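Have the sequence and the 3D view ready as you read.

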Amino acid sequence: MKVTLERLPESRVQLQIEIDQDRLEKSLDSAYRRLAQRNRFPGFRPGKAPRPVVERAFGREGLIREALDKLVPDAYNEAIEAENVDAIGQPDLAIDQLEPVKFTATVPIRPTVDLGDYHAIRVEKDAVEVTPEMLDEQVLLLRRRNAVQVPVERPIQWDDFVIADIKASADGDEFLEDENAEFPLRQGQVLFLPGLAEAFIGLNKGDETSVDIEVPEDFRLERIQGKTAAFSLAIREIKEEQLPEADDEFANSINADEFPDMAALRARIESEMRASLENDAETRFRNAAVEKLVEGATLEYPRVLVENEIEHLVREAMGNDQQQYQTYLQQAGRSHQAFREGWRESAEARLRRSLVLSQLAETEDLDVSAEEIEEELDTLVAPMGDDAARFRQMFATDEGVSTIRRNLLSRKTLDRLAAIARGELQEEQP
């Protein structure tokens, strides 16, 4: 068997393989016996027809094509082993010649990643501030969660709660019908479509009206994008929002033990806001560090990995219910291929991120010990109380431990990158 190897762009290898005549003849003999067993030949019992009879019936070319079903996969597997090809997917096979047998196999191989001078990555973390205005806004949201709605006989105003029947269509396609829908009208907040909330302002209980609204080109319901939507509105009831006063009594009503006065409640809200903002700032910082890592890296990877990542994203978005997915495509007026293409950019970005982080873990010699996995298991089952032992058995399966290992390694890798981006680690000098 002769093998010629050529490396192609996008982490692919092309193998041109030629089968020697002796091996072909042995394969033809096996192919003849398979054909003799599967087919009937006058005057012979099943499987007993001699090779010349079978070859006359199918021709030498037919015999060779039968032989290829087993010969080509076997030859391909031997070739990638002999040439040390690190294949990560199925090959594209093309038969170039039947006699002597020559075929070409193009196969995706493991990606290559060069991280460049990643120790030079530096990122500034955003400063966190909780302003009085931000705190007042959170207090207002808490008061709204504890507000009461009182029916009123007056025109609709901002911050009212409205009960209404809403219907909408575009070019005869009725895409919305909601009876007795109840919703708040907040100035500056979009209600389904930009401009719809404003159409309610000034209407009275019992009013019925219609309004035309232009649908944005990027609207989530694709089949009405760029069209004119005709809305029919029928007002059933108007409720006024009555907020509790922001005083000590209100703080007590939330939790008298924890909040003896309004100052204590505001202090808790401020603390939680600060912790949330710090967490958001840390997330942005780490994402920026990963972006810089990706930007500084040189990657080469096969297209099949992108296609696989697209499939993962589609399943994450739509689940495994194919009937539900097909219904969604029909309603959205999209084909499966068009829907997949919409995920290509995200898939490519996620793949590149995954590849550079995996390479960083390998370069930095990061690993997860059995002790760390045990500690993580303890942490996971600690809140389970009396059921901790049972849940530990569930998590301690091979698949569960593998998932924990991946998560811990990912966490370690991001921690190491964060330390580098802060300037806490310097590249070791020889």
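The paragraphs below look at a helix, a helix pair and the nonpolar cores. Keep in mind that this is a predicted model.

Buried residues occur along α6, including Met262, Ile269, Met273, Phe285, Leu293 and Val294. Glu282 is buried in α6 as well. What covers the buried residues of this helix includes α3 (132–145), α5 (248–255), β11 (298–300), α10 (344–363) and α13 (398–421).

Now follow α13 to another of its partners. Helix α11 (residues 370–381) packs against α13 at an angle of about 100 degrees, and their axes are 10 Å apart. That angle makes α11 roughly perpendicular to α13. On the α11 side, Glu372, Ile373, Glu376, Leu377 and Leu380 take part, meeting Val401, Ile404, Arg405, Leu408, Arg411 and Lys412 of α13. The residues of this contact divide into 6 nonpolar and 5 charged, with no polar ones.

The largest nonpolar core has 33 residues, and Leu115, Leu293, Val356 and Leu417 have the most contacts inside it. Two or more residues of this core come from each of α6, α7 (303–318), α8 (322–332), α10 and α13. Which residues does Leu417 contact, leaving aside its neighbours within four places in sequence? They are Ile121, Ala289, Val290, Leu293, Leu357 and Leu360. Apart from this core lies another, of 31 residues, with Val54, Ala67, Leu68 and Tyr76 among them.

Notes: Residues numbered from 1 in each chain as written. Predicted model: local features only at pLDDT ≥ 70, side-chain atom pairs only at ≥ 80, totals over all residues. Heavy atoms only, no water. Buried < 20%, exposed > 50% of the residue type's maximum accessible area, 1.4 Å probe, protein only. Helix = DSSP H or I, 4+ residues; strand = E, 2+ residues; numbered from the N terminus. Contact = heavy atoms within 4.5 Å. Axes fitted to C-alpha atoms, helices over the stretch in contact; angles between N-to-C directions. Parallel < 35°, antiparallel > 145°, perpendicular 65-115°, else oblique. Nonpolar A, V, L, I, M, F, W, Y, C, P; charged D, E, K, R; others polar. Core = buried A, V, L, I, M, F, W, Y, C linked by side-chain atoms within 4.5 Å.
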